[in-house]
Amino acid sequence: MATFPTSLKYSATSYSVSPEVARTQFASGNTRQRMLRAKLDDMHSVSLRLDNAGLLALESFIDDTINGGADTYTGPFITDTAERTGTLELIDGTYQLQYVANDMWDCSFSFEVKNVDLSDHELIYDVVNEFGGFNFSDFADALEQAVNFNNL
Amino acid sequence: MLTLNYLDPWDVDYSYRDQNAVQRTRIGGAKKRQGRLSHRKVRIAQAVRVVNDTQKAYFEHFIRTLCNYGADKFIDYYADGSGAVQGAVRIVDGAYQCQPVSDDLAWWRISCQLEVF
């Protein structure tokens, strides 16, 4: 699978989660939601500031390497402080370009991350519940005390 | 019903979108008739919560894995002009958006439409 050029870095990013949930509102005022099927494909919107060489690299990648944006590729996405890598798909093969100044372009596009891995999230959820909250400094203090006083 | 713990309350806007179960029927010509079908009311607010990346992971696991991708109701805190309230809520369509609010990507803004029960 093709890999997104490592020289290109996102300058802004956000993502949205739109699961396959059916919502029904009845005339009586009652509402109901049902999950239709599991879907772990999140949509990310990113912006990049590019010079002419960067723009050429991006257009060459989209037009030639991933078949006009139709093919999936391996690339970076951001959901926290660490940049992750996954299987991405440029939505509709579309991207927007705006000329900013000489040798400077703003580019934005949206892609879908296929089958997001939430196993880290589950681990964090379990740890937080075990320690009764997000105040890990309490835990660190307790651990320091236990180590210092040989009380593990 | 599951409870989402340890997170600061949602900030909900002051302009709830309330929808009563009222049916408006055209009865000929320009005449219309309205009748109340039930005492249920759908109350939806735009909600925002700023969390760090650990809290976001906690939230996403809760919503996506434990609440069937946001399809289910859950107990959570939300704060409007009258202070923090704990009650049953549901994310409309299970859809939410995440946007970083700090350059180091450590803090994120989660926004969604929240149905308040």
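A salt bridge here is a side-chain nitrogen of Lys or Arg within 4 Å of a carboxyl oxygen of Asp or Glu. This is a predicted model, in which local features need pLDDT of at least 70 and side-chain atom pairs count only at pLDDT 80 or more, while totals for chains, interfaces and linings use all residues. Residues are numbered from 1 along each chain as its sequence is written, chains are lettered from A in the order in which they are written, and side-chain values use heavy atoms, leaving out hydrogens and water.

Select Asp106(A) and Arg49(A), whose side chains meet in a salt bridge at 2.8 Å, N to O. The pair links distant parts of the chain, 57 residues apart, with Asp106(A) in strand β7 and Arg49(A) in strand β4 of chain A; strands are DSSP runs (E, at least two residues) numbered from the N terminus.

Next, select Glu20(A) and Arg37(A), which form a salt bridge with their closest N and O atoms 2.2 Å apart. Glu20(A) lies in strand β2 and Arg37(A) in strand β3 of chain A, so the pair ties together parts that are 17 residues apart in sequence.

Now show both chains and select Arg23(A) with Glu115(B), a salt bridge at 2.7 Å, N to O. This pair crosses between chains, from strand β2 of chain A to strand β6 of chain B. Is Glu115(B) buried or exposed? With a relative accessible area of 2%, Glu115(B) is buried, where buried means under 20%, exposed over 50% and partly exposed in between (1.4 Å probe, protein chains only).

Technical notes: Helix = DSSP H or I, 4+ residues; strand = E, 2+ residues; numbered from the N terminus.
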